[in-house]
Amino acid sequence: MDNKAEQAVIERQPSKPRPKPAVVLSEHIVEIVSDSGEGAQRCGQSFGAIAARSGNGIWTVEIIPAEIQPPHRSVAGASGNRVRFASGPVTNGGNEADLVVAFNEQVLLSRLHADEIKPGGIILIESKWSNDRNAGIAASYAQVVDDIRARGFRVHEVPMEVECLKLVPDARKGKNMFVLGMLCGIYSLDEGLARAQVARIFGKKDQKIIDANIELLDAGRSWAETNLDLRFTVPAKRATEAQVVMNGNTALALGVVASGMEVCAMYPITPATSTSHYLSNIFEKVGCVVHQAEDEIAACAFAIGASYAGKCAVTITSGPGLSLKQEALGLAVMAEIPLVVIDVQRGGPSTGLPTKVEQGDLMAAIFGGHGDAPKVVMAPSTIEDCFYSVITARKIAETFNMVVMLLSDASLATAQQPFPRPSFREDWLAPPVNQSPVPEDAKPYDWDPRTGIATRFIPGQPNGMHCLTGLAHDRDSHVAYDPEINEEGLLNRSRKLAALQTTLRLPPLCGGDSGEMLLIGWGSTLGAIEEAVGILRAQGIAASSLHLKFLQPMASGIGEVMKRFTHVMSIENNWNDPLSDPLITPENRRYSSLALLLRSRYLVDIDCWGNARGQPLKPTAIVAAVRSKLGKE
């Protein structure tokens, strides 16, 4: 839809305002859940986008079933979206939901069983099931509604299907827009922005489809205004600079483009695939290539070949794919070919939890290959950071002729967040590849004695021909098994990590410079940890946090920071043995990944807390863990 048509939609005659006064809130968390295919995810994404365009801070979390086509009306089949929106910036999905819209009672049960709804919270539920022809379904619905009312939830039964059938022949394809209208009415969101969002969603469709969905939107708002005694407002403050709203996978894809990388090779895998989908839509327009290989190994080999030829490439995957790529990554390390690897982590092991979040790949990223294969490992912590981290990764890969691994995860992949629109800079791009003749006495692995870096030879450079191999080799790239030569190669490949480490800055502390408790995290847990620190400090506990972007190498000064705190605890979304288990002792306990790395490097008694339940960490859960550690439950 062009701008003129969109503006016409915005300027339609608005409905009459409600006389009910709105309750002013600083923030609210809303969930929309349905069976797969009913559009709850699109509804939530659209609601978040409208709130963001209104000036609210937002963070969305997709609710995705593990199966591709789960049974309808099943607890396991809940699909939807969580939207946390506030008057100020939002950095994580928050705690329990304040309001839930459920398209049936079974998907509602999934959220109740997961303790994702605040006690006394508001529930809007589709009422069609109360008189379903199947007596078992009607009885199930009545039992669940009676139970949740008895538990103190504020339940409103909504005739979604009945209202939608007044406008469209298939209510299943209209409920999500009706619900979007209800939510916009409940939260006093601008009607023009809501209509424009619907027009944007269906912009490639016929105008009749756009009009029908706007009618559903308006009907939902009107029904809520007439039938629900719910009206809230979350005051918004429009940003002074242009903003963009996107999820982490889109930000990664745009970072690939902005960095100047020209080749992406991957094999589809949840939750990384949408990165390549976005690139496939735009990459060719800027003269670049997305290659879908026949498998993960081939994708990695293709990217390595493209990088060897002078085009720094990226390969994108998730945990199982990373395992398959490890041998080829060893080739890139041994041959010193620059390569960027993006791992959008998910739950494991094996095929594990494809649609759920976990930070379980840190050890695989650092130590996964056979032999000594040093790689740079980074982790973005926000949607904005996903964009800029790719640019940094490409620069490091080509500067040091190394593999750089970027650890995103399912939480960042699907979450939406606004951030300032990036303004392109020339220095994001690598300089043109040097194809001038190689000096007669130059060697393909003429390692610098201080940094370990050798000048990169590109195929076709005069005098640059040499045999490329994954075998141990000398400076001339000749296969050599001599102990001294092998050790020289190991030393220089490792020395590059030390050279990079000297350039890294210590991340800033959140909270005070010293105190009772230091929390250390990495990746997508940043927002939850820093919010927990704020809560703890308000409760009189001297807590602070340090969030690491570089996991290998780590910046200098971390050890000195830890010494200033009585207790240190890592906060991670991966497994650690709980000391409350009757079999677990300090001697046999398995620590979480970052805690293990920090304990071995700094010889400090670092505790750890986290979980691998497949859900983003909640600030209140972190607060409870810290208070328990300090004996202040």
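Gly-527 lies in helix α17 (residues 526–538), where helices are DSSP runs of H or I with at least four residues, and strands are runs of E with at least two, numbered from the N terminus. The model is predicted: local features need pLDDT of at least 70, side-chain atom pairs count only at pLDDT 80 or more, and totals for chains, interfaces and linings use all residues. Residues are numbered from 1 along each chain as its sequence is written, and side-chain values use heavy atoms, with hydrogens and water left out.

Gly-527 has a relative accessible area of 5% and is therefore buried (under 20%; exposed is over 50% and partly exposed in between, with a 1.4 Å probe and protein chains only). Apart from neighbours within four places in sequence, Gly-527 contacts Thr-91 and Asn-92 (heavy atoms within 4.5 Å). The C-alpha atoms of Gly-527 and Trp-447 are separated by 41 Å, with the two residues 80 apart along the chain.

A sheet of five strands is open and mixed in pairing, in the order β17-β19-β18-β21-β22; two strands pair if DSSP finds at least two bridges between them. Strands of a sheet pair through backbone hydrogen bonds, either parallel or antiparallel. The edges are formed by β17 (509–511) and β22 (607–610), each with a single partner strand, so one side of each has no neighbour in the sheet. Strand β18 (residues 515–522) runs parallel to strand β19 (residues 543–548), and six bridges join them. Leu-519 is placed opposite Ser-545 in β19.
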